[in-house]
Amino acid sequence: MEEKDFWSFDESNRNTNENNNIKKRESRRRKKDFPVFKVALISALALSLVTIIILSVTLGNTAAELKILENKHMAVYGKDYKGALTEKGDMVEVFDFGLSEGRIPAYPGVMKELYEEDNIVTGEDGFKRYYVDGELCSYVGVDVSALNGEIDWSKVKAAGVDFAMVRLGGRGYGEEGVLYSDESALDNIRGAKSAGLFVGAYFFSQAISEEEAVEEAEYALSILGGESLHLPIAFDWELLGFEGLRTDNVTAETLTRCARAFCDKIIEKGYNPMIYTNKTLAYYKYNLTELADVDLWYASYYDKPGMYYNYTMWQYSTEGDVPGISGDVDINICFKNYK
């Protein structure tokens with residue numbers, strides 16, 4: 001991800017059995033005398049019966065193994081799952097280091113957080129995973145850009161990473177707001193896909209109007225060039241915490257319209273949209289009622305997410321250590337099955 005939001009205040013060794021592909025070479029000796037032929041026929045029938053039994057057991061084991069693999073990433077919910085929605089009068093408990101302690105009104109019609117935070121477990125490999133009744137229901141992911149250098153995606157996959165969010169490009173945060181592409185975008189997308197990862201993308205936005213947001217979406221799509229994605233394209237608009245930036249005076253209403261315009265253009269072209277946010281933007285900037293159909297990618301760097309609204313991805317670290325990637329990399333968990 002780009003420079004972080006300083007105002008956020010938060011954060012398969014498949015034991016296949018291989019079925020052993022039992023290959024029986026039957027040596028049938030044909031002799032003219034009938035008794036020997038009869039014995040041979042009975043033996044052949046018996047051998048066939050044994051073979052059928054062995055194959056039945058073997059295929060049964062294979063089916064069971066396939067079911068395990070299929071369910072390994074069942075995710076918390078599928079693509080079209082709808083959870084409980086907020087209602088008018090609901091309140092959000094907030095604590096932003098003394099600036100906004102207490103409760104604020106919730107945006108109505110927005111999905112509430114679905115997850116039991118005690119079910120989020122950090123493994124020995126440092127990755128967070130989500131379990132329900134002992135069953136794995138999440139995916140491990142990284143988000144990358146050209147800043148991560150050349151990536152060995154086979155090693156990334158072997159390390160237990162399931163998906164990657166790849167930067168397509170962005171807009172400069174200076175006054176001119178020049179658009180730029182990520183020189184490694186397509187190499188990363190294709191390399192990750194080739195290694196067997198699910199892939200999505202993001203565009204670093206500094207839009208200050210709907211027109212600029214549409215321009216960014218069209219630019220991101222032009223970089224993508226029709227490349228297929230498994231996961232969404234995220235609108236990554238960030239407060240950078242510096243003075244004199246082009247986004248300093250962007251109001252909540254304007255930002256919401258920017259996000260809506262970007263996401264609508266992404267939908268128009270057949271991709272899934274997403275909004276990258278931290279708690280500050282989600283609680284005080286975005287009108288989530290107007291964006292209730294768009295999934296959130298939540299950034300928070302505490303051990304537990306602590307978010308009122310639902311999110312389908314959580315970026316929980318900017319200091320991940322993953323084989324195949326030089327230096328620190330952002331680490332994520334995804335709770336949704338987009339297939």
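Which exposed residues does the face of H3 turned away from its buried side carry? In this predicted model, that face of H3 carries Asp187 and Ser194. The buried residues of helix H3, which spans residues 185-194, are Ala185, Asn188, Ile189 and Ala192. Seen down the axis of H3, these buried residues fall within an arc of 100 degrees, so they line one face of the helix. An α-helix has 3.6 residues a turn, so residues three or four places apart point the same way. The cover over the buried residues of H3 includes strand S6 (139-144), helix H2 (153-158) and strand S7 (163-171), together with strand S9 (198-205) and helix H4 (210-224). Just after H3, glycine 196 takes a positive phi of about 100 degrees.

Helix H4, which takes part in covering H3, also packs with H5, at an angle of about 30 degrees and with the two axes 8 Å apart. The crossing of these two helices, H4 and H5, is right-handed. On the side of H4 the contact is made by Glu210, Ala213, Val214, Glu216, Ala217, Glu218 and Leu221, and on the side of H5 by Arg257, Cys258, Ala261, Phe262, Lys265 and Ile266. Sorted by class, the contact of H4 with H5 comprises 8 nonpolar and 5 charged residues, with no polar ones.

The largest nonpolar core of the model has 71 residues, and those with the most contacts inside it are Val142, Trp153, Leu168, Ile233, Tyr286, Tyr309 and Val322. Helix H5 (residues 252-268) gives the most to this core, contributing 7 residues. Apart from this core lies another, of 14 residues, which includes Ala75, Tyr202, Met274 and Cys334. In soluble globular proteins, nonpolar side chains tend to be buried together. Valine 142, when residues up to four places away in sequence are not counted, touches Trp153, Val161, Phe163, Ala164, Met165, Val322, Ile325, Val329, Asp330, Ile331 and Asn332.

Methionine 313 is found in strand S13 (residues 313-320) and is buried, with a relative accessible area of 0%. Its neighbours within four places in sequence left aside, methionine 313 is in contact with Phe163, Met165, Leu231, Pro232, Met274, Leu296, Trp297, Tyr298, Ile333 and Cys334. Although methionine 313 and cysteine 334 are 21 residues apart along the chain, their C-alpha atoms are separated by 4.3 Å.

Beyond its neighbours within four places in sequence, leucine 288 is in contact with Tyr107, Val110, Ala282, Leu296 and Tyr309. Between leucine 288 and valine 110, which are 178 residues apart in sequence, the C-alpha to C-alpha separation is 6.6 Å. With its neighbours within four places in sequence set aside, threonine 247 is in contact with Gln206, Ala207, Ile208 and Trp237.

Aspartate 133 lies in the loop between strand S4 (128-132) and strand S5 (135-136), where, at 82% relative accessibility, aspartate 133 counts as exposed. Although aspartate 133 is not a glycine, it has a positive phi of about 55 degrees.

How values were computed: Residues are numbered from 1 along each chain as its sequence is written. This is a predicted model: local features need pLDDT of at least 70, side-chain atom pairs count only at pLDDT 80 or more; totals for chains, interfaces and linings use all residues. Side-chain values use heavy atoms; hydrogens and water are left out. A nonpolar core is a set of buried Ala, Val, Leu, Ile, Met, Phe, Trp, Tyr and Cys residues joined through side-chain atoms within 4.5 Å. Buried means under 20% relative accessible area, exposed over 50%, partly exposed in between (1.4 Å probe, protein chains only). Helices (H or I, at least four residues) and strands (E, at least two) are DSSP runs, numbered from the N terminus. Contact means heavy atoms within 4.5 Å. The arc is that of the directions from the helix axis to the C-beta atoms. Axes are lines fitted to C-alpha atoms, for helices over the stretch in contact, and angles run from 0 to 180 degrees between N-to-C directions. A crossing is left-handed if the near helix is turned anticlockwise from the far one by less than a right angle, and right-handed if clockwise. Ala, Val, Leu, Ile, Met, Phe, Trp, Tyr, Cys and Pro count as nonpolar, Asp, Glu, Lys and Arg as charged, and the others, Gly among them, as polar.
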